[in-house]
Amino acid sequence: MRGRARGRRRGGPAAAGAVLLAAALLGGCGLVSGSPMSDDVRPGTVGRGLPLKGADLTVTSKEFTENIVLGQIMGLVFKAAGATVIDKTNIQGTIGAREAVRTGTADGMYEYTGTGWITHLGHVEPIPDPRRQWAAVRDADRRNGIVWLPQSRLNNTYALALNAANERKYRVRTLSDVAALLKKDPGAVTLCVENEFATRNDGLPGMARAYGMSVPSGNVRRMTGGVVYTETAKGASCTFGEVFTTDGRIKAMGLTVLADDRHFFPNYNAAPEINARSIARHPQIAEVLAPVTAALDNAVAQKLNAEVDVKGQDPHQVAKEWLLREGFIKEGGG
């Protein structure tokens, strides 16, 4: 589980429970304190003229690798643009981080459009077109005091993957190809999945309905997320494995992601989610973040995630080195 909630409709008692949960998270999971970003950085291609000089900004994130790295990227960009930045990243759960931005405890974070639409705004059906999905979230969330800035191409959604040997053996490229293989040779389609994916409407059951798959229960092996990747890479106990499209282990383990050719899985494009009062005080936030967000895509995310999850590097340093390589910021002095 990547740590970002991807639940279905919330309402009534469930919504009240979410508010209570958020209050508990805000009080007990790190949002009452934070660490100043002390990096000596200055503008590169963004932040010239120090448009955020004098601003006091707090960034947050959820607790999984990718979102922490994105939170660090946001904070470092703000700092290079002249702001004093408090780092309150790595908050447990999607509700706690979201509430921090909504209430102004934090000024911004990178959130995912599908999470905003389904989990936070309570819709059941995703919008297939990624641009329209972002626009719908942006428009609907205004009433909550949240501003969504333009999204990135980074789309952290579900997918099925397989190793190189099985790709050569079965010659599948899409989920429709998997459905056809299942009808031709049911024993060839074995799946390694997490427990949650096995039961979610936007997981295996929904995918099976969308593609007309009737997967025998004995062909589905449930396991923890990390084991899914290793078993899929081995290719013995399962031909296909459930993955997240921006996970660094995909490339590190030589896996191939199959195309969702019927566009079943929701779009989870990362976009800056900013407190409305904060951006009203500091509208320059939008121009500072725009080129950085535009540079984020799945290939970048896979590389950055792998540097943390595969190589064991620190998320803050990974974020900083990427910003420096891209020329968005520079080391201080000079």
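In what kind of crossing does H4 pass H5, left-handed or right-handed? H4 passes H5 in a left-handed crossing, a term used if the near helix is turned anticlockwise from the far one by less than a right angle, with right-handed used if clockwise.

This is a predicted model, in which local features need pLDDT of at least 70 and side-chain atom pairs count only at pLDDT 80 or more, while totals for chains, interfaces and linings use all residues. Residues are numbered from 1 along each chain as its sequence is written, and side-chain values use heavy atoms, with hydrogens and water left out. Helices (H or I, at least four residues) and strands (E, at least two) are DSSP runs, numbered from the N terminus.

**Two helix pairs**

Two packed helices are described by the angle between their axes and the distance between the axes. Axes are lines fitted to C-alpha atoms, for helices over the stretch in contact, and angles run from 0 to 180 degrees between N-to-C directions.

| Pair | Angle | Axis distance |
|---|---|---|
| H4 and H5 | about 50° | 9 Å |
| H2 and H15 | about 55° | 8 Å |

The angle makes H4 oblique to H5; angles under 35 degrees count as roughly parallel, over 145 as roughly antiparallel, 65 to 115 as roughly perpendicular and the rest as oblique. Thr 113, Gly 116 and Trp 117 of H4 make the contact (heavy atoms within 4.5 Å) with residues of H5 that include Trp 134 and Val 137. H2 and H15 are oblique to each other as well, and H2 passes H15 in a right-handed crossing. Among the residues in that contact are Ile 68 and Leu 76 of H2, and Ala 319 and Trp 322 of H15.

**Helix H5**

H5 covers residues 130-141 and reaches 16 Å from its first C-alpha to its last. At the N-terminal end, Asp 129 caps H5, with a side-chain oxygen 3.2 Å from the backbone nitrogen of Arg 131.

**Helix H15**

The 12 residues of H15 reach 17 Å from first C-alpha to last. Pro 315, Lys 320 and Leu 323 are among its buried residues. The buried residues of H15 pack against elements including H2, H13 and H14. Just after H15, Gly 327 takes a positive phi of about 80°.

**Glu 231**

Glu 231 lies in helix H10 and counts as buried because its relative accessibility is 18%.

How values were computed. The expected span of a helix is 1.5 Å times one less than its number of residues. A polar contact is a pair of N or O atoms within 3.5 Å; within protein, one must be able to donate a hydrogen and the other to accept it, and residues adjacent in sequence count only if both atoms are side-chain atoms. Buried means under 20% relative accessible area, exposed over 50%, partly exposed in between (1.4 Å probe, protein chains only).
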